[in-house]
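Colleague: I am new to this structure and would like to be walked through it. Could we begin with the overall picture and then turn to particular residues?

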Amino acid sequence: YIKEIVKEDVEQHTKHLEIAVEMAKKITDAELDKVAPAVVKEFKEALAEAEELLASGTATQAQVDKSFDRLSKVMQMLSFEKGDKAELQALVDKIEALDSKEYITNTWDNLQKQLDVAKGVIANENAMEKEVSETYDSLMKAFLELRLKPSKEKLEELIKKAEGLDSSKYTASSWKKLEKELKLAKEVFADDNATEEEIASAEKSLSAALDGLVIADSDNGDNNNNNNNNGGNNNNGNSGNNGNSGNNGSNGGNSNKPSNSGKLPQTGGTNALVTLFT
């Protein structure tokens with residue numbers, strides 16, 4: 001009679017564990033394939049432990065309860081399905097095929113941070129669907145925020161042109177302005193984050209400074225031309241003087257004409273002065 005009571009008590013306190021084991025065995029391998037590997041591993045170990053306790057027939061109430069808690073808890077986690085990483089992997093592959101040199105640095109750096117996170121999620125076999133989905137969204141956003149670097153070819157050409165000039169050929173003020181715009185243009189050219197607007201502005205300013213250069217000796221050239229003209233006028237005046245001198249000589253040879261001694265000789269000086277002031 002006492003043995004029957006003990007047997008009944010044992011069957012009663014193992015009943016809940018038996019039910020758990022029975023339900024656990026109905027879960028198929030196909031269902032487990034969708035679950036995170038860590039959960040599957042724990043599920044199989046908890047089930048094996050429960051079956052072993054039930055088969056022993058000597059399990060205590062405490063052992064049975066502990067085994068039941070372990071198995072029931074992991075069965076509740078079977079909803080933790082591992083995330084489908086196919087789309088995330090495809091996006092990662094697409095990004096890794098890009099050339100970082102073609103994009104503005106700060107946008108590329110942000111993408112790289114999200115790419116590292118995505119790779120970590122892909123490497124994690126226990127990553128849940130929610131985590132995979134959120135990682136995909138973040139990576140896609142960073143990808144869409146990429147910005148191509150604007151072309152700097154024209155700005156580079158202007159910089160080379162400016163650097164190839166000889167400063168001694170231009171006025172100090174116009175050259176100083178060019179130097180200022182050249183410095184700014186170089187800063188924009190070296191800035192990997194320079195926007196299209198900044199590049200266009202630098203091109204415009206440097207081009208204007210180049211067009212505004214003034215030849216240093218342009219005024220002197222004009223003065224030389226004036227001096228040459230004046231020299232020609234003086235020569236003309238002297239020719240007139242020489243002609244008068246010849247006439248005077250002829251007159252001196254004529255004794256019948258009165259002498260011009262005591263008077264200033266007539267020269268072409270008056271004509272030269274008139275020329276200078278007219």
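Modeller: One definition is needed at the outset: two residues are in contact when they have heavy atoms within 4.5 Å. This is a predicted model. Of the contacts in the protein with a separation of 6 or more, 80% are between residues 24 or more positions apart.

Colleague: How many helices and strands does the protein have?

Modeller: The secondary structure consists of 12 helices and 0 strands. Along the sequence, the pattern therefore reads α-α-α-α-α-α-α-α-α-α-α-α.

Colleague: And what share of the residues is buried?

Modeller: The protein has 278 residues, and 26% of them are buried.

Colleague: Is Thr-14 buried or exposed?

Modeller: Thr-14 is buried, with a relative accessibility of 8%. The cut-off for that word is under 20% relative accessible area.

Colleague: Which residues does Thr-14 touch, leaving aside its neighbours within four places in sequence?

Modeller: With those neighbours set aside, Thr-14 is in contact with Leu-54 and Val-64.

Colleague: Let us turn to helices H3 and H4. At what angle do their axes cross?

Modeller: The axes of H3, residues 37–56, and H4, residues 61–76, cross at roughly 150 degrees and come within 9 Å. Angles over 145 degrees count as roughly antiparallel, and H3 and H4 are therefore roughly antiparallel to each other. The crossing of H3 past H4 is left-handed.

Colleague: Which residues make the contact?

Modeller: H3 contributes Val-39, Glu-42, Phe-43, Glu-45, Ala-46, Leu-47, Glu-49, Ala-50 and Leu-53. From H4 come Gln-63, Val-64, Ser-67, Arg-70, Leu-71, Val-74 and Met-75. In this contact, 10 residues are nonpolar, 2 are polar and 4 are charged.

Colleague: What do Glu-42 and Arg-70 form with their side chains?

Modeller: Glu-42 and Arg-70 form a salt bridge, at 2.7 Å from N to O. Glu-42 is in helix H3 and Arg-70 in helix H4, so this pair ties together parts 28 residues apart in sequence. Glu-42 is partly exposed at 28% relative accessible area, and Arg-70 is partly exposed at 26%.

Colleague: Which residues are linked in a network of salt bridges?

Modeller: The network links Lys-41, Glu-42, Glu-45, Glu-49 and Arg-70.

Colleague: How many salt bridges does the structure hold?

Modeller: The structure holds 9 salt bridges. One of the others to look at joins Glu-96 and Lys-119, whose closest N and O atoms are 2.5 Å apart. Glu-96 lies in helix H5, residues 86–96, and Lys-119 in helix H6, residues 105–123, so the pair ties together parts that are 23 residues apart in sequence. Glu-96 is partly exposed, with a relative accessible area of 43%, and Lys-119 is partly exposed at 36%.

Colleague: What about Lys-149: with which residue does it form a salt bridge?

Modeller: Lys-149 forms a salt bridge with Asp-192, and their closest N and O atoms are 3.8 Å apart. Lys-149 is in the loop between helices H7 (129–144) and H8 (153–163), while Asp-192 is in the loop between helices H9 (172–190) and H10 (196–211), so the bridge ties together parts 43 residues apart in sequence.

Colleague: Finally, how exposed are Lys-149 and Asp-192?

Modeller: Lys-149 is partly exposed, at 32% relative accessible area. Asp-192 is partly exposed as well, at 39%.

Note on methods:
Residues numbered from 1 in each chain as written. Predicted model: local features only at pLDDT ≥ 70, side-chain atom pairs only at ≥ 80, totals over all residues. Heavy atoms only, no water. Axes fitted to C-alpha atoms, helices over the stretch in contact; angles between N-to-C directions. Helix = DSSP H or I, 4+ residues; strand = E, 2+ residues; numbered from the N terminus. Parallel < 35°, antiparallel > 145°, perpendicular 65-115°, else oblique. Left-handed = near helix turned anticlockwise from the far one by under 90°. Nonpolar A, V, L, I, M, F, W, Y, C, P; charged D, E, K, R; others polar. Salt bridge = Lys/Arg side-chain N within 4 Å of Asp/Glu carboxyl O. Buried < 20%, exposed > 50% of the residue type's maximum accessible area, 1.4 Å probe, protein only.
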